[in-house]
Amino acid sequence: MERSTLPPSIEMNGVSKYYGDFQALKNLSFKLEPGERCALLGPNGAGKTTTLKILVGLLSPSSGEAKIGDFSPSSEDSRRMMGYLPDDASPYRTFSVRENMEYIGALRGIDDVSDKVDRLLDSLQLREYEKSKVGRLSRGNVQKLAIALAIIHDPSVLLLDEPLNYLDIPTQETVIEYLKNLNSTQLVSTHIMEVATRLTDKVIMISRGTFVWSGTLEELKRLGKEGEPIERIVARMLTDVL
Amino acid sequence: MFFKLLKFVILSRFSKQILAFMLVLLVWALFISSKTGSSSAVYYYYGPALIAVFLILPVLSGGIAVLKSDRDFLFTLPLKRSELALSLFVVQMLSFGLIIIYVLGYSFSSISSVLPYALIDFIALILVITSLGPITYTLKLGWRVLVAILMALLPLSAFAGFPFSPAGIYTGHPLYADITSVVLAVITVPLAFRSLSRVDLDLMKTFTRYTSGDVKRVRKFSGMSPTKAIFAVNFFIVEVSGRMNSLGSGGSYRSGRFRLSRGVLVSAIIAGVYYYLLTYRLKLPLHSQEIALFIFSIYSVIFIMFFTMGVLGNERLWLGFMTRNPTRYLRDIVVAKSLSIATLLSPLAIANFLIALGGDEQALNLGLFLLVVIPSLLIIVVYLSAFLYPLQIKEELSMPGQLNLRQMGTLLPALPAWILVTISFAVLENGLPSLAILITVTTTILFALIAIALIYSDSFGKRVIDKLVTSGFV
Ligand SMILES: Nc1ncnc2c1ncn2[C@@H]1O[C@H](COP(=O)(O)OP(=O)(O)OP(=O)(O)O)[C@@H](O)[C@H]1O
Ligand SMILES: [Mg+2]
């Protein structure tokens, strides 16, 4: 399923976002080149979720602009390319696992939904819950289903909010493996450094809605002292801004 | 300690404004009832029919006023079971029991000659109505329907002259009515207490019992076009969501679904019976049709609530809404739901149109109300609720939040509809049929136009979605 074409870039250009009077994002800019995998790091309330919601077009920025390739996030074209996993993702509750996947597959206009669903069920070990209603699944299995729904249409842009939450270690490995093999530009929001190092090669740090730093993981490690754990480096950088 | 608990339990479910509002309504109902003259022929139908409604309501909505946070925090505290049960019972009474007073309050004057009996009857009935929710909330839908039918037959049997009906108070059997109601209360209240004192355990059980709960028939969407898939979910399947947020009713959130074809079959049968009764059997005087309309409008609020609650609440912004332009997706699901309701009600509407052709102009009113006004109201209420009280349902069996006035505000659009329809009735009664029809048709067109304007306004759709996102919908 390799795409011959390059996946699109992801870009934020001087984006600010207000919730009422509260400014959640302050003139935020960054860019992911096509095919880059990048972690969006930041403490609680930094604006990671807000950033992702703007990039998928669910929220519109108060000023500035977001772009997926050459398109605005709310355009039909970018919607087709994007896969989005929100934090605390919950699928259609009254549907079974399979119904969720087939419904979203059909809405996405996938021709061979049934085959695609079968493959995802097997690779995410969801087969035995195929007929279970979502309302009855364990939280971890809900998360697996949510990931399946986010990637069912082979998106070339993936925006994932805390994707490994609730997953057991073997499943984390499966998901990491799966995501790494996708030919797509990926932005993964997390506040867990471990997740960032496993899933991505680049880091964008934000705090209180402001851009702090971006670079490769290697560059990040070099900023610290010899043998200093990467978490400590990040913690130091984030407290420096405060 | 008990009063602290009670206060906490009440205030975590109802906002203070709504409690005040309930009090005002209560006084108002009693005031009205003391003013209105008695018209026993009318109340003969009105009383039993309403008692039936209120006995069905808690059973069908699986009502139990327990919050998600109760499960996580309250039930884990070391509380006395009996105190907890009593507090929950009081809340339950506020949610379901008191509602009977508002409506039966209006009929007090007609039964003033048997007032002591009536008081006993109503108090017993309030206890029964309060108890039915906790007793039945763990039952499967099929059983609940059965209990509901039995509960409806009891009061309605008064029409057949059965003396031991709780509604016998309206048909000249006050003593027997009291006996039945009190016996019912004596049976149901202890059962309710038992159920409430172990509500935490029961909830745990219901949660774990279904962990491997499968759907019976997995629906296939493979090979469907996007629009077809949307219709398969939103048109051909009718989803009913419990948690009435109309006045006074709290309760858990429940949902069930049935195929539209089955629903139409049932409504066709009801329509047939209705047509037969109205054309060949009952020659109701004009005035009592007003009462029928009143009862009817109560049914329609309940109806609209059951059908609108889940429309947005069960949706998922990151799924359906991401697959196409969100405003278009919103429009598609709302239109599909609205058409689905119109189809479901169409046999009843047709029956009314046939009756209207037979010379009874009022039936035209009801027919249009069913076929156009209710489906339009569904759209209006869905859009309005996004602004006033956006509430996403993430879990079954527990209420997502406190009951407050804002939530009831979403029902306000139903008000002008009834007022206009009622005016049309009144005009008709005064012998101005053509004016009445004009009002009816204008009302219908007005509501349809508002609904269409809402659906097709892109900027409004955008604002709805923005509102949903910022109020925490995922
Ligand atoms: N709907 C909203 N209304 C008002 N304020 C909001 C809303 N959503 C988020 N905020 C505020 O905006 C800021 C950024 O929130 P956001 O959810 O984007 O943070 P986050 O980085 O995802 O945090 P976390 O790591 O906890 O998930 C927070 O201060 C939050 O309180
Ligand atoms: Mg977040």
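**View 1. The interface of chain A and chain B.** Chain A and chain B of this predicted model bury about 3900 Å² between them, 58% of it on carbon and sulfur atoms. Buried area is the accessible area (1.4 Å probe) that two parts lose on being put together, summed over both. In contact (heavy atoms within 4.5 Å) are 42 residues of chain A and 47 residues of chain B.

**View 2. Polar contacts and a salt bridge across the interface.** Between chain A and chain B, 13 residue pairs, both at pLDDT 80 or more, are in polar contact. The rule also finds one salt bridge across this interface, a side-chain nitrogen of Lys or Arg lying within 4 Å of a carboxyl oxygen of Asp or Glu. Glu99(A) and Arg219(B) form a salt bridge, with the closest N and O atoms 3.5 Å apart. A polar contact is a pair of N or O atoms within 3.5 Å; within protein, one must be able to donate a hydrogen and the other to accept it, and residues adjacent in sequence count only if both atoms are side-chain atoms.

**View 3. A nonpolar patch on the surface of chain B.** Nine residues are not all named here; among the members are Tyr117(B), Phe162(B), Phe164(B) and Leu191(B). Together the patch residues have about 780 Å² of accessible area (Shrake-Rupley method, 1.4 Å probe, only the protein chains shown counting as cover). Such patches join nonpolar side chains (Val, Leu, Ile, Met, Phe, Trp, Tyr) within 5 Å, from residues with over 30% relative accessible area and no salt bridge. Helix α9 (residues 174–197) of chain B gives the largest share, six residues.

Methods
Residues numbered from 1 in each chain as written. Chains lettered and ligands numbered in written order. Predicted model: local features only at pLDDT ≥ 70, side-chain atom pairs only at ≥ 80, totals over all residues. Heavy atoms only, no water. Helix = DSSP H or I, 4+ residues; strand = E, 2+ residues; numbered from the N terminus.
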